[in-house]
Amino acid sequence: MSSINVPPEAQFRGRGRLARWLVALLILALTIQFFRIQILKHTTYALRSDENRIRELPIPAPRGTIYDRNGLVIVENVPGYSIAVLPLSVDSLRVVLDTLASILGHSTEKVERLMDNYRQHPNRPVTVESDASFAEVSIIEERRAVLPGGIVIEAAPKRHYLMGDTLAHVLGYVGEIGDSELELAEFEGYEPGRTIGQTGIERVYERVLAGTPGIRFVEVNALGRLVGEFRGRQTEPAVPGRDLVLNVDLELQRRAAELFPDTMAGAVVALEPRTGAVLAMYSAPSFDPNVFIGRFEPAEWRALNTDPGRPLFNRAISAGYAPGSTFKLVLAGIAMSLGEASRETEMRIPCRGALQYYSRVFHDWTPAGHGVLDLSGAIRESCDVYFYQLGIKLTLNRVLEEVPNFGFGTPTGIDLPSELSGIFPPDTAWYTRRYGRRGWTNSVVLNLAIGQGENVQSPLKMAQYFSALAADGTLPVPRVSRDGPVSEPGFELPLSDEQLAVLRSALVDVVNSETGTARGSRLRRWTLAGKTGTSQNPHGDDHAWFVGFAPAEDPRIVIAMIVENGGHGSSAAAPIVSRLIDFYLERQSVEGLTAEAAGR
Amino acid sequence: MKEKVHFNIGDPVIFALVLGLSLFGVAMIYSAGEMEIPSQVTGIWMKQATWLVISIVAFALALRIEIRWLEWVTPSAYVLAILGLLLVLAVGSGDGPRSWLRFGAIGFQPSEFAKLATILVLARLVAARERSADSLWELWPFVVVASVPFLLIMAEPDLGTAAVFIAILIAALYWSGLSMAKLLLVVSPIVSLALAFSTPLWGVWLLLIVAFLYRTRSYLSESIAVVLANVAMGVVVLPVWRSLATYQQVRILAFLQPEADPRGAGWHLIQSQVAIGSGGWTGKGFTLGTQKRLAFLPEQHTDFIFAVVGEEFGFLGIVLVLLAFAVILWRIVLIAERTEDRFTSTVAFGIFAFWLAHLVANVGMTVGLLPITGLPLPFLSYGGSFLLISFVSLAIIQRMASERRSGG
């Protein structure tokens, strides 16, 4: 073993061989390691090399334009800029965001929110500002050399609502998708930073309007700076959203907004009775949806949200009011359908301004009373005493049973979100649950009979019911969009054509007869029919109703209007509805004549 | 007639391969500068090409030096090297370790020269004794000669370069014919150093050493010295660890766990592996490596030049370069084996160890087999003084080859 006496040269030989084998062994070991990395794990590392340098930038798809029924543009896109960051790491992103915050005026909360976005989706670009001004973009471009890498500025079409607050509630508005929305099935496949319809038509027809964003593949260097397009993968172009044509008549809508009393709250809904097409829908007070677009000040949002007038609330479909005397048409309909009344039916007790029912006295709206009236006259003069007795005659149980057959208690099915389905007691047990066994009596039917009490309906619902009266007894499904999904067949009222004619002629009398409650609102050229109503309001002045349609012979428009705290329907609501209907029909006839002339 | 050729370049295979690798190195350094972002590396290949010309001239000159004369000049060279290292500590520059001496535009690393000088001195020590050492105590001059530059370079601090001196020392002892048992005992404290981080492992190692000493019936004083050295290494390792510069600690930790901090210390290693791994069989093509182009790969012209080779020429390119190195090293050992003169033979083997250490440390680091030490790859990495010393070393080997041929 000892090498002491081995001659030097032989000794080198033995050790040399060992050293050469060591070289071979080491080179082999290295080669094996390279083989593992370059060949066996090639796919993994190739992918990582791509992930290192290739970023997917979304190309925003322009949303579809929205038109009114006459082809006027209501909502369009205007050029805008978005600012995104391609982050390298949490730390580098923070540096970029802090720098940008000073240029864009972002709050620390906003920066934190963006940081959270990044932590959840580290491989996606972080949209810092979806609506940057030209000035801000210029500043960033000027300072690009000194700013941290990874800032991307891109053209991003932004929404512009040409009508401002005129059509706000119907259209809704768009905004960045929220965390909770990302989890909804409705928004499957959506990514953070996407702009979505938040409410209104924008929300309901999101899938139509939105289109599909494209993807651009870009190459970044180790500093996160954009080097250029990545040629290895084809850009997937954005598919623009489809346009949408609404049933809304912009001129009528504008008129409705103008005519609505400035300081008052309430709503107007105009329908085409046969089709359910929503010709106009206005809720007051309104708001300008443009404030929600892009740069969005939390203060403005708070102001809109905490405004006691609740401007974001669509009163036309989401607010509930006691329908008041407009509901007498439902009672009359029930009575006729059950054979309990016809046009000539008179009540036992003539109207002397009040009716005593057991120990309680129920007043008529006029202390003078209406004397002896038939059903038609009771509608015309809106006689409460007549309808008290009709309610007693029908009995509470039958009223509760029949009202749903006239379409109440179910939503109309309009293509807008957050519709109120209406409240009407389903049975007497409901009263017991609510007030206790001894907390109520059958006298509730007297209140129900004149549209007061436990009855809450939206203006849209009343418009839908009157559409059925105006047309052929079919409750149309209201449609804002002309191109929306085909609506289910409407709900049929259990009334014969003759019975409908009785109700219609009574409604004509309301406006056109000497003793009608809305006599002041009659029109020279058209036969306006309708019904006034007063919704009793324990918190203040009563709400004023009017639901009318014209021309009575062949109704082409139904308008329901409520003015909160407006007092009587005859003075606060009927004159406005009358002018709107006149405006609409006049324009239609002019257009008809023009079309006729052009056709010839 | 071959005898009429006066200019003999020695082993033509080694020369051709080294020249080939060096030219390939210039090409790779050119590629390293081809980036998407402005880089200081761009255009640096011309400097390397200039250094290559200088190195070839130096090679031609050095080839005329007789080995005897080299033996004679050895002590002064060593002293000069040590003075250089001291000078670096006093006035050196560099980010990270201070290893540079600057004369205007030209920088020089005395540590490179020190490697060669140390090899020469150790070879003289080997030649000075007729037979290999009986006792470990006889080895003290070897240890001192290697330790002086080792400690001076540790003080820069440049752990990787310092470690090369240990490799050279071990190689010289191995070549001196020291019995494997004794060689093991000499190396044992270094193993203790590595194992000291795990007390049970270190304990087992210590027991093995003791058992080994007992079985080989070593001298008592020698045994005590070995055990004490092992114990000392085990004990001092923690204070030494603390005394390391932060970047060194971070590099070692990153080697052990690169994914723990992928954006920080593990970055180099991960990006190097991604570059190499994404190269596949044939690579992405000359100058087209994306990891390099987009600056994901750090130190692409020096420490990680081999990762550029891997990314742009793939596994096939890697195998060719490794084969070239294998042939060069293999043939140097053959030259060392066949040289009867102990001094000459040991110098050749020392240069072999020097290049092998650099090759394995550099290539091993690019694929995560070894910690990142910053040792350049011979002939390929950018660096003038390293190239120059490598070519001078080559000249010595070629001279031996030709002397042996003509003399033998």
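This is a predicted model: local features need pLDDT of at least 70, side-chain atom pairs count only at pLDDT 80 or more; totals for chains, interfaces and linings use all residues.
Which residues does A:G548 touch, not counting residues up to four places away in sequence? I shall open with that question and then turn to the wider structure.

A:G548 touches A:L528, A:A529, A:G530, A:I559, A:V577, A:S578 and A:I581, where contact requires that the C-beta atoms of two residues, placed from the backbone, lie within 7 Å. Residues are numbered from 1 along each chain as its sequence is written, and chains are lettered from A and ligands numbered from 1 in the order in which they are written.

To stay with the opening residue, A:G548 belongs to strand β20, residues 543-550 of chain A. Helices (H or I, at least four residues) and strands (E, at least two) are DSSP runs, numbered from the N terminus. A:G548 counts as buried because 33 C-beta neighbours lie inside 10 Å. By definition, a residue is buried if 20 or more other C-beta atoms lie within 10 Å of its own, exposed if 12 or fewer, and partly exposed in between, with C-beta atoms placed from the backbone. A:E346 is 202 residues from A:G548 along the chain, and their C-alpha atoms are separated by 25 Å.

A nonpolar core is a set of buried Ala, Val, Leu, Ile, Met, Phe, Trp, Tyr and Cys residues joined through C-beta atoms within 7 Å. The largest has 127 residues, and those touching the most other members are A:V269, A:A270, A:I559 and A:A573. Helix α19 of chain A, residues 459-470, gives this core its largest share, eight residues. Beyond neighbours up to four places away in sequence, A:I559 touches A:V268, A:V269, A:A270, A:A463, A:G548, A:V577, A:L580 and A:I581. Another core, of 124 residues, lies apart from it and includes B:I29, B:L185, B:A353 and B:I396.

Let me now describe chain A as a whole. Chain A holds 22 helices and 21 strands, and 46% of its 600 residues count as buried. Its radius of gyration is 35 Å, whereas a compact globule of 600 residues would have one near 25 Å; the radius is taken over C-alpha atoms, and the globule rule is 2.2 Å times the number of residues to the power 0.38. Along the principal axes, the C-alpha atoms of chain A fill a box of roughly 145 × 65 × 45 Å. Among contacts in chain A with a separation of 6 or more, 72% are between residues 24 or more positions apart.

Next, a sheet. In chain A, three strands make an open antiparallel sheet, in the order β5-β4-β6; two strands pair if DSSP finds at least two bridges between them. Strands β5 (126-132) and β6 (151-155) of chain A are the edges, each pairing on one side only. From one strand to the next, the twist averages 20°. Angles run from 0 to 180 degrees between N-to-C directions, and axes are lines fitted to C-alpha atoms, for helices over the stretch in contact. Four antiparallel bridges link strand β4 (residues 81-85) of chain A with β5(A), and A:I83 has A:E129 as its bridge partner in β5(A). Across β4, β5 and β6 of chain A lies helix α5 (residues 134-142) of chain A, at about 140° to β6(A).

How many residues of chain A are in contact with chain B? There are 39, and they meet 44 residues of chain B. Helices α1 (8-40) and α2 (42-53) of chain A each supply at least two residues of that side of chain A, and α1(A) gives the largest share, 21 residues.

I close with some backbone details. Most residues other than glycine have a negative phi, and most peptide bonds are trans. The bond from A:A284 to A:P285, however, is cis, with omega near -5°, and A:P285 sits in the loop between β14 (278-284) and α11 (298-306) of chain A. A cis bond also joins A:A550 and A:P551, with omega about -15°. In chain B, phi of B:T287 is positive, near 70°; B:T287 counts as partly exposed, because it has 17 C-beta neighbours inside 10 Å.
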